[in-house]
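My entries follow the order in which I checked things.

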Amino acid sequence: MTSTFMGLETARRALSAQQAALSTTANNVANANTDGYTRQRVSLEATDYFPAVSKNAEKTAGQMGTGVQGKSVERIRDIFLDYQYRLQNNSAGYYDTKAKALSQMEGILNETDDSGLNSVLNSFWNSLQELSNNTNEDSARSVVAQKGKAVAETFNYISESLTNVQSNLKAELDTTVLDVNSLLSQLNSLNKQIAQVEPVGLLPNGLYDQRDLLIDKLSSMVDIKVSYNKSGGNALASAEGTVSIEILDKNKQSLGTVLDGKNYEVSELAANYDNETGLVSSISIGDTTVQAESFNSKGSLLGFIESYGYVTADGQEKGIYPDMLSDLDNMALEFAKAFNEVHRNGLTKSGEQGGDFFDFTSGETAKGAAGKIKVADSILDSKGANIAFSLTGAANDNSNATNLANVLTGDITINGKKTSVLDYYAGLIGELGIKAQEANRLASNTETQLNDADINRQQMSAVSLDEEMTNMIQFQHAYNAAARMVTLQDEILDKVINGMGVGGR
């Protein structure tokens, strides 16, 4: 037989459960704009049933309900949507980094106006054409000297600017490595806290939210695989456990475990640099070393490595900025050598054999040639008087001035390719434009896909004020109904206690 107070206890449980649901709704509303917050719901379940009235009641299945209880407060989150978001996030981080690096390079080369190298080379060619038409004018030779100086200074400026941006990329690369290690350390700390809470039957939803937010940030830097380890003890079935994280390559194969959620160990990342070139030689993941050319975990870290530059196992320098600097160095060197050869074959106004028009501040080497090229002092000091415009020494002989102009438009060998200086540079600019356009397109596409994935995830996990208002009304009505049941039970008990057994008084 049930207790006289059973109805009161059932109503009391209803009050407690609905009050917990209202408190959870209030918490959702309060955190509607909190970054990384996942909406929560109270998991309500019926309490154990009480057997029906009979002699063998204790041996039969329960039939009379005893109320409701809030089993747990759980997050509304889909792990598959998290996976989709993080998959797009590492692609977005990678392409966005490369697009920005290429955009900076385009700004330095600046071929959209008259200050770019192509415009300066054309001005130099025009000055040589003018000299061939006015060999007797000192001003024409002076203009050639100054235009040549502008060519050298433009090479210097581009080389220096690209090198400075490359240095900034190295600083950002190092910062990204530090950020990765910092996130791993924070995740390890959260793992330890979660492992202390879950075994006693609680769900640390706030810690889960913090952890997922950190994992989202980490996924923009490297491609990762997240796996979960159960905490044991009296942990609820919905407890997520600790996380272990691996870094994946482009084929989704593991490059190494950076966070061991079972043993609470972190394997830090480190970027190793080649002593000779200063470029990235390898990436260390704890005790594992991956060659830079083999590290292809998509994310902003890879974007910085490919932009700043790396050294292959056979010593080759690769990367966006090393490639452009190398192309400019070879162009400056071969152009200067070809121009000097023609200039040495000519004669000056005074009939002297021409010397070098261009030279280099620290020797004629391909490495750094664009940063070292300059007009020879003998040309500048003489204000162009030592320019060898003639082949015969006659005052009206302009044949060598024409040959000098043809160096810019005629074929020379640069990087093993026969082309003209102007065509070679136009090719570099065209290739840069294609790379930048492709990077911008991919960055835009992945950003769109990332936003779509985020929208899908937000539809599942974000707080909807309209939905919370509906829930609030629902739980409020249920609470009021439970309160009315308490009042009813109070009236019944009052009758039993105070209104029964009064006969004969």
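These entries cover ring pairs first, then charges over rings.

Entry on the model. I am working with a predicted model.

Entry on the count. I looked up the aromatic pairs and found that the structure holds 10. A pair of rings is described by the distance of the centres and the angle of the planes.

Entry on F124 and F357. I read 5.9 Å between the ring centres and 40° between the planes, so I noted this pair as tilted. I then checked where the two residues lie. F124 is in helix α3, residues 117-133, and F357 is in the loop between α7 (320-344) and β14 (358-360), so the pair ties together parts 233 residues apart in sequence.

Entry on F335 and F339. I found another tilted pair here, with 5.8 Å from centre to centre and 50° between the planes. Both residues belong to helix α7; they are 4 residues apart, so about one helical turn separates them. F335 has 0% relative accessibility, so I put it down as buried. F339 also has 0% relative accessibility, so it counts as buried too.

Entry on the cluster. Which residues do ring pairs link into a cluster? I listed F124, F335, F339, F357 and F358.

Entry on charges. I found K170 over the face of Y273, 4.3 Å from the ring centre. R457 lies over the face of Y85, at 3.9 Å from the ring centre.

Terms used. Residues are numbered from 1 along each chain as its sequence is written. This is a predicted model: local features need pLDDT of at least 70, side-chain atom pairs count only at pLDDT 80 or more; totals for chains, interfaces and linings use all residues. Side-chain values use heavy atoms; hydrogens and water are left out. Rings of Phe, Tyr and Trp (its six-membered ring) pair if their centres lie within 6.5 Å; planes under 30 degrees apart count as stacked, over 60 as edge-to-face and the rest as tilted. Helices (H or I, at least four residues) and strands (E, at least two) are DSSP runs, numbered from the N terminus. Buried means under 20% relative accessible area, exposed over 50%, partly exposed in between (1.4 Å probe, protein chains only). A charge sits over a ring if NZ of Lys or CZ of Arg is within 6 Å of the ring centre and within 35 degrees of the ring normal.
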